[in-house]
Amino acid sequence: MTKKITTIILTLIILPSMFSCKKFLDIDPLYTQDAENFFETPNDYQRALTGAYDLLQSSFMTVWIGEIASDNSIAGGESVNDTEGLHEIEAMSHDAVNNELRSIFRWNYAGITRANYLLENKNKIDFEGKGKIIAEATFLRAYYYFELVKYFGDVPLVIDKRLGADEVTKVDRTPRSEVFAQIEQDLSFAASVLDWNDPTKGRITKGACLSLLGKAYLYQDKFDQAASTFDVVINQNRYALIGDYSDLFKVNNEGHSEAVFDVQYSGAEGGGYGCLICLEGNAAPGFQGIRQYNGPVYGDGNSYNLPTQDLHDAFDATDIRRDATVLDIDAFISKQPNSSEITYAIGGGGHTGYYNNKYIKRQGEIGLPDNDLTSPVNYLVIRYADVLLMAAEAHNRATSPDDLKAQGYLNQVRLRVGMPPINASGNALTEAIWTERRLELSGEGHRFFDLVRTAKAADEINGFITGKHELFPIPQVEIDLAGGDWSQNNNY
Amino acid sequence: MLNRSLNFIIAICLSLVSLGQTGAVSGVVSDSLGQKIMGAAIVVKGTNSGSITDENGQYRIINVDLTNATLVASYSGYKTKEIKVKGRKNVNIMLSDASLGLGQVMVVGYGTATKKEFTGASANVIGEDLQKLNIPRIDQALQGQVSGVNINTNSGSPGGSSSIRIRGLSTFGDNDPLILVDGVVYDSEGLNALNPNDIESVNVLKDATAGIYGVRAANGVILIETKKGRRNVKPKIELSAYTGVQQATKKLNLLNAREYAVLKNEMFANGNNSLPFSNTNLGEGTDWQDAVFQDAQVQNYNVTVTGGTEKTTYSIGGSYFSQDGIVGLDKSNFTRFNGRVNLNTEMSDRLRLSSVLLYTNEERQALPENGIGSVLYNTINAFPTDPIRGATGQFTYLEEVSDIINPIAQMQNTYNTSWVDKLVGKEEIAFDITDNLTFTNRFNYNYAAVDNKVFSPLVWYGPGKAQNTAINADLDPTLVEIAPGSTIERGASVYEGRATYSDLNFESFVNHNTKFNDIHTLKTTAGVSIFSRNGKGLGGTAYNIPNNSLDYADISANLAPGGFLNNTNSFQFQERLVSAFVRTQYKYGTKYNGSLIIRRDGSSKFGPNNRFGIFPTVSGSWLLSEEDFYNIDRIKFFKLRLSYGVSGNDQIANFAYRGLLNGEGVYVFDDIITIGAAIGRAANPDLKWETTRQFNIGADLKILHTFDLTLNYFIKNTKDLLFQPDVSGVLGTAGAGSYPPIINAGDVSNKGLEIELGYTMKQGKKFNLSTNINATFINNEVVKIPTGIDFLPGAAFGVGGNIATRFERGFPIGYFIGYETDGIFQTQEEIDNSPVTQEGAVPGDLRFVDQDGDGKINFNDDSDKTMIGTPIPKVTLGYNINISYEGFDLSGNFFAALGQDIVRNYERQQPFANQLNYNIDRWTGENTTNVNPRLTTDLNRNTIFSDYFVEDGSFLRLKNLQLGYTFNPKLTQPAKINSARIYIAANNLLTLTRYRGYDPDIGSAGGPLASGIDYGFYPQARTLMVGISLKF
């Protein structure tokens, strides 16, 4: 009897000790897909990639800030308190408390995190076509980081993992050069995998990778690498300038030969002002539309991001790009039949008489569910004219400049809009290319970053302080939430 | 051979010579209060044979000369007693005097301790004291019984729940203590399922010594033991029954029809609107409260059989309880059947089996309560000028306020029934490896099946009412378009749901007792526990129930065309906990006790980086009164206690550490909106329990043999509260549909003092008196919240109104924030000359206080809001008294909570809603009143959340008063009745309070941040009862 009991007791003691606590506790939620039990099928990868693409749709904010911070436009809107952060940026009075800058910071990191989530799990299963998915995700991460570096300089570099809540206090801002190194590496990798052609409209192609890579070189003044990278894109002869400049931003022409990298939008889903990041439509046209407009061609909007007289006057009167870029509202109305019946309102946030004619709400481009925020117009992040101008600049500023080539690229752009060719060389050519960039690309969110990159900002922007405004301040709340140890950008 | 026979004969002769029989004697040692004493020494006088009583106070000595032997029972602190056996096999011994009650055995988790030795702060209630209160719910019965345990009623409806808070609120999450019944985890919400009559004792571990339960101990631990039998006792049968009638304790002072008409006319006139009543002479009108509140019955029957043979003890109980509600009668009925078997048997000399089985079957009908849209909310706001039924007999519509419906119609059309079947129990085998070493294995289980059926008939409460399910008074159903041009009817519907929950728990532990060098006593407990909980639920709603009738209210009867409209839902979860624990109690001599507890818990609820936690506790006590130098004659017993330890609160959502894929990852490819995947709430692999560190210093004193005094001072700091605050953008949670992770941040501190003073008169022949009072003072403060957020918003005031409560640093949890008032503006001059600009103020409006001193009342931000109340009482008091004289007994039980506030939130701030009659004293002109503002339909700010809506919630309540008579046993014994007692009793007979609402004893059904908000609370009833109890 005692023996038997001893055996029982021994069994009872030994049994639990054989049992693994860790395994017992490591249970998955039932019948629920969550972050830890994902990436089981190719479709899981595809879905996660779509999630990473989603944040591209935040582009409207860059269109605003890239223009409003420059000499191209003012903030506008209903009042000076309407999106106050943009008004501060317009006045160069912005500081570390700015909702719009915070959005830029958070949205791009959201995109990075979604890309990293996929890349963290890239080795979970193998299947045909995985390489392409990985490459697209890698490109997206590089693009989001490029945006962050443009705005903030040094930013924490997180690669192939998600951070835990505690870990974030242990990361510091990574030097801009290291972030750029990662961007270059990611884009080179993506370019090596992806094709020039993708049957699906909206997917990243090799051309997008190389163009963004060239742009990244240009932003670091690595002109030789930039020149050779752009040349690859140009020599491919895949892209061409379209005939009519004013057709570039119309929904019917989307996917034209000039589109290298564009953000896709749809007019099929409504949305609300409460969550602009949730929209599937492009918010910029609605916001930039004519305030309380009642008339033909255009729809009514919120009078954001209004072009300045200075921009209007920068164009040669014969340059068709002027009216395609800047809508002179009164002139437009006066030309319409029954012009006296056309009305619009002046917003309390400022009025210049001009509207952004590239991204503006047009009748016929209005999303069905609600016509405020569901514009289907894609945003052209990089178009071929930009590639040509960047290539021209790179060749002109390379260690052994090739001004002839630069002139060739520049004049392609001018020729399309009927402007006479330019024969200048050296610094004069550099200036001519920069001027051309403004004329060609205004209203598309590049101007401020071009001015900073070319050290022209202090000359052109009222209130711009050299040594300070080249970068935007890191949002103070982000510094605090990261533990308060990050340094702020100079002079903020 | 011869030799052997001779021996045999001599033996027989010797036994004959002694003229006695030899045999085993056993029994129970208890103190004069009937508490069993563990560790008492029983020795047969003049021999070496004897025994020590076990945790049930039992002893057993074999080979005793039953005829002549004298037993000597002794226990430190008690008078040694000698008893002649006189041939009995069962000798129960009562020890008295010295330090009364100190040998009382308490369960302390995986073992027991005597009150004398215990090093922690605990509170003990014996089952009889709870049963005597005739309160159907253990939690309510515990209110006021012990210090440090604050119990509030979440609802007075039959089957409602309470909030139990041990030593204050330590989180805005789950504050419920861990409750174990015979060592088996019992959910706190399910305390309703327990029959008070089955309970032998309740022990509340308040301080860090609860740490033997580690990660589940931070909110305190309540250990409930059910009744057990005793050895060698013939079956004892107890029958008891009571029945009673319940009444509403209070009606609100609402306006009658005439007052209502006059005031509404004035209100509309002040707003320059036409007068709604051309004739105000409308008399009393309808008293909706009279129509809603009804006298309701309560009844309870119990049977208990206890007893034991030499090797087996048993206790079996059964009961039936049924209670109608004072609102809705059988529409808010609660019925409960309980069955219990508690069996202990010695399988061999060293092997013992304990088996406990508790079965409960409940049925409950529930009405909408404690919120906007509840029956009482509608009752309070219904117009006295409208009859209950119109001329044609249909219920009136109360049309003028869209969200107030006829409460009588509402009750009649509510069909909400739930059923619970619950099985809780354990099988435990204890093996005495040696006399000092016991090895226990037990399997605990807790299974509950909860069914719910809600029938929603087609109802028309009047035009525009949100609760309508029909489209008109003819009860035509809504038509639903299921495809363009194709519609179907949506008729009456029924929801049926079933959820099952099961806990399985295996525990294995050893208890070792040893004494060496005569002075060191060491008691050690060490073991492991493996716990798993599973839950599953399935529910469905079906439409178009035939005939709009409850008779067909089953999913199977639905006539929804093609099954359209019908829908189902389900859930499932699992959680697991693995633990190891060690407790060592060391005693040096009789004076010094020390205890060390270490528990390690691993839980599936926590992130992989923090899956395991270690929870240590140290405690000690010093029996000052046993020191040689001790010479305070009047204080017979003096013990000092100290404890400090760390424990956890694991009551967080399952898998909260994991990132869920419910974010919005949508992009456009080929011009088609394409759904992808994105993380919703971000993962936090560091997520862990909330940690509580508690320090306690206490003293137990016995003064003059008759007074017991217990004092405790504690500091309880809880950190790592769970938040979901804004996080760094780098974590990537700013995408569409994504949210920050749940993180550990935020600290709360509770400091408090507890005093318990008891008086027990020396046992007299005719007259006996015992009484005790307890008091708890608690100071609650939020010490830290995550950086980047200012406060956590809580409950709202009014309909869609301002946030009235907050969790904010430097304030108590859930304190009330709003505007402070300073009387009424009497004249325009006063407004004009006021140093503070109050936008929109006219004479008769509340004057608000400018908190930030900027010369202006800011209504757009929080700068002029301030703390205007707290739902947490400054002090709670309990007082119990028991008197007996000859056959009569009288007992009373009082509870008081002082210093807390209640928000009067049951007034619908709409022109036609009825009002309390304090509005008769409204402002009507200069110097008419400085308290109540003018009445007007004009836009005004008198209804924003201010201290005008905050009332003192202090109250004193006579919870139970009882007068009983026990017949002289000589009279009843011929009928084989050993004891017969009859009594009359009353619950909630008297409540003293200045609070205007129904019941100031308001819990927090909506969580800690919704405490003290009164939406027309379902009040506790006053119950008048008669009862009888018989023992055979």
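Predicted model: local features only at pLDDT ≥ 70, side-chain atom pairs only at ≥ 80, totals over all residues.
1. Four strands make it up, in the order β3-β2-β5-β6 (chain B), and their pairing is antiparallel. At the edges stand β3 (50-52) and β6 (81-84) of chain B; each has a single partner strand, so one side of each is left without a neighbour in the sheet. On average, and with direction ignored, neighbouring strands here are turned by 20° against each other.

2. Strand β2 (residues 41-44) of chain B runs antiparallel to β3(B), and three bridges join the two. Across this pair, B:I42 stands opposite B:S51 in β3(B).

3. Now to chain A, whose domain assignment gives domain 1 (39-263 + 381-481) and domain 2 (276-377). Their C-alpha centres lie 25 Å apart. In the contact, 33 residues of domain 1 of chain A meet 32 residues of domain 2 of chain A.

4. Which elements supply at least two residues each to the side of domain 1 of chain A that touches domain 2 of chain A? They are α4 (60-68), β1 (73-76) and α17 (426-441) of chain A. The most comes from α4(A), with five residues. By class, that side of domain 1 has 14 nonpolar, 12 polar and seven charged residues.

5. Finally, the contact between the chains takes 60 residues from chain A and 54 residues from chain B. On the chain B side, the elements giving two or more residues include β23 (437-456), β27 (520-543) and β28 (567-588) of chain B. This side has 25 nonpolar, 21 polar and eight charged residues.

Note on methods:
Residues numbered from 1 in each chain as written. Chains lettered and ligands numbered in written order. Contact = placed C-beta atoms within 7 Å. Nonpolar A, V, L, I, M, F, W, Y, C, P; charged D, E, K, R; others polar. Pairing = 2+ DSSP bridges. Axes fitted to C-alpha atoms, helices over the stretch in contact; angles between N-to-C directions. Domains from an automatic or database assignment.
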